[in-house]
Amino acid sequence: MSITIETAKEHAMDHAVSCCRFEAGTIIEPSNLEDPAIFFDLEESGLLKFDENTLTIGEVLGAKLIKTAEALTPLTADMFEGLNLQTEAVKEEVKEEIVGTPTAATETVAPASMTTSLNGGMLKIHIGEGKNINLEIPMFAAQGSVAAAAPTAKIVEVQETAATTETEIKELPAKKLRTLTKKHYKIENVVFGDETKIEGTTLTLRKDIAPEAVESQELVTAMTVEIITPAEYDTYSETIMDVQPIATKEDDNFLGTGNTRVIDGVIVMVTGVDEDGVQIGEFGSSEGILSENIMWDRPGAPDKGDIFIKTTVTIKAGTNMERPGPLAAHTASDFITQEIRNVLKKMDESLVVETEELVQFRRPGKKKVVIIKEIMGQGAMHDNIILPTEPAGIMGGKPNVDLGNLPIVLSPLEVLDGGVHALTCIGPASKECTRHYYREPLVIEAMNDPEIDLCAVIFIGSPQVNSEKFYVSERLGMTVEALDVEGAIVTTEGFGNNHIDFASHIEQIGMRGMKVVGMSFSAVQGALVVGNKYMELMVDNNKSEEGIENEVLSCNTLCKEDALRALGMLKSAMGGSEVKGPERKWNPNVKETNLEAVETHMGSNIDRVLNETSIPMSEKRESKLKTK
Amino acid sequence: MKYGDRLIKMQGIIVHISDGGVAMDLKGRLGHLTVPMRMLITDYDLKVGQEVEFNMSFPEVMSGEVNQKYVSNIEKNKRGGK
């Protein structure tokens, strides 16, 4: 299979292999070369073997074979005359890891084109036949024609101009758009009592609250509320549906601005079954001992030491798979949270242990970036309530499925103020719980990064049918085009058909000439089902040892370290750096290398999060790993 | 897995659709499969009676041991979650 001129350009640094038998005297063109995309398979099956003498595609193009080459022969210097060997020195540089070096614009220079590009612009040389011809052209003239002829060289020029402009307008002050103040109240004990109240650091929950919560929802037939302290982490629980912060707005403050009161040390955990005992959203069980099923301290998970107010909601038989079922379970649980919110509103200011001010800046003159978060929108538990009245609440919000899954712009502060209530899909390890959005690390890091101008966070649902996926994806493309950003980061949770729209979102943005980084759990089990040429800047959220959905809550979700990698990658790409091609198989070391590159650039260490090996192993996980 | 790469083309019929997932019978009386919406790829609005196809291999039993945790979960489910 021969390759095209475009492929040859893209793979100028890859090994050159003849695709068929060619006689001595052939001048090598792209059509004489094998596609590097299939080298891995050929190498694995032993049909192909490279050594240090194998030339690259850039080196052999235009050279003349002096020996007959059989099909699938790695081409070496002794087979040619007229080789393009001057690329040698720069070859290494291009293959360097680029993450974390946003200014390394020189890496885009593709020297391979230099000898062939002299015929662009003014200077045209055509030699029909000849031997030992030496051409000497003054360097300034050559440089001129190279810049005109080689698009890559042109890009470097533009980047340099852009960099100069940036230094000139760097003085522009950051523009403060809005602030959000989070007042933290510490709770150390949760008990049942006659009325819901907070005294000091003790939260008392009305003991007869559950029946009222049940009554509030037609589909809910029963509910139990448990208080789980750290001493009870080793107890059995139904599948964890969601983890939510307890927070409320002060007075008439709108979500994303003004004051929010939040309880530290306690979270609400939603679990549920239907009357037949089937878990809500049941697709195989992941229930079990809490401490074996939770990856502590993830953005979306409980922190170790948190007290859980755990609801177990029973919904009508057979409704566990229909849209109203999971929503009813969440709404009934929120009935309890709302009662706590109401007492939190009345609490004395003197009990605030920490005041945190979050500021949304726009940074004129910096590279404009947008974050796109793809959320589930296939229905039932694959749904999210957007912009409820209360942080992480339900009331006042709209399900993204009802909003047609179309792109919706939220301010970073609306996200961090609980603007998304996740009904959370299947796949405990990779789903983003409600608490995840409240502490979304990518939004936090991007908002606080002085090197970029984060303009918005766009949420886009993932519908079921492909035509709907492309419908929303095209709207995303138009939205991003209108925003006129230089870079975008697209994230998605979990894996499955949402990877089809994930790929399409990246394509829609990439085809408009913007740099785009994709973030997803992929590794082994979540490998992407589709791809396109714009999916070159990818960050894998996997943390599990085996690269699988390990049934440990939040294990493979987006963490700070992933956010920093993605931002480093995006900034490098916007600065003009190239990215290395992917390895054929999942290799966790790529992540570590990139993290080290980011650390070098930042000049500080990034704490690596733990994975499932840090928690007691459940028997089922043990047996899963045993077979690997 | 010993036989993981022996892919066999399977066909099936969608027999039940809920908001959360899709159930399908495998043609040739070869079994039944239920998957979450997220794991099914479609160009068309879903309807009962539509045919599906996919490649799969044979499920292989991983070891002779049973996993007590799963056994207890299964028994609990049989008792209606009690």
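Before my first entry I note that a helix here is a DSSP run of H or I with at least four residues, numbered from the N terminus. I also remind myself that this is a predicted model.

**Entry 1: one phenylalanine**

I looked up F335(A) and found it in helix α9 of chain A, which covers residues 324-345. Is F335(A) buried or exposed? I counted 20 C-beta neighbours inside 10 Å, so F335(A) is buried, because the cut-off for that label is 20 or more. Next I asked which residues F335(A) touches, leaving out those up to four places away in sequence. My list holds E212(A), A213(A) and S216(A). I also checked F335(A) against I394(A): they are 59 residues apart in sequence, and their C-alpha atoms are 9.4 Å apart in space.

**Entry 2: chain A as a whole**

I stepped back to see the whole chain. Chain A has 17 helices and 24 strands. Of its 628 residues, 49% are buried, and F335(A) is buried too. I then looked at contacts in chain A between residues at least 6 apart in sequence, and 76% of them join residues at least 24 apart.

How is chain A divided into domains? I wrote down domain 1 as 1-83, domain 2 as 93-124 plus 139-171, and domain 3 as 180-626. Taken over C-alpha atoms, the centres of domain 1 and domain 3 of chain A are separated by 48 Å.

**Entry 3: a pair of helices**

For a packed pair, I keep in mind that two helices are described by the angle between their axes and the distance between the axes. My pair was α15 (residues 560-574) and α16 (residues 589-602), both of chain A. They pack at an angle of about 75°, and their axes are 10 Å apart.

Which residues meet here? From α15(A) I noted E561(A), L564(A), R565(A) and G568(A), and from α16(A) N594(A), L595(A), V598(A) and H601(A). The residues of this contact divide into three nonpolar, three polar and two charged.

**Entry 4: where chain A meets chain B**

Last, I turned to the partner chain. I found 35 residues of chain A in contact with 27 residues of chain B. On the side of chain A that touches chain B, α13 (466-483), α14 (498-510) and α17 (619-626) each supply at least two residues. Which helix gives the most to that side? I found that α17(A) does, with four residues. The residues on that side of chain A divide into eleven nonpolar, 17 polar and seven charged.

Terms used. Residues numbered from 1 in each chain as written. Chains lettered and ligands numbered in written order. Predicted model: local features only at pLDDT ≥ 70, side-chain atom pairs only at ≥ 80, totals over all residues. Buried ≥ 20, exposed ≤ 12 C-beta atoms within 10 Å, placed from the backbone. Contact = placed C-beta atoms within 7 Å. Axes fitted to C-alpha atoms, helices over the stretch in contact; angles between N-to-C directions. Nonpolar A, V, L, I, M, F, W, Y, C, P; charged D, E, K, R; others polar. Domains from an automatic or database assignment.
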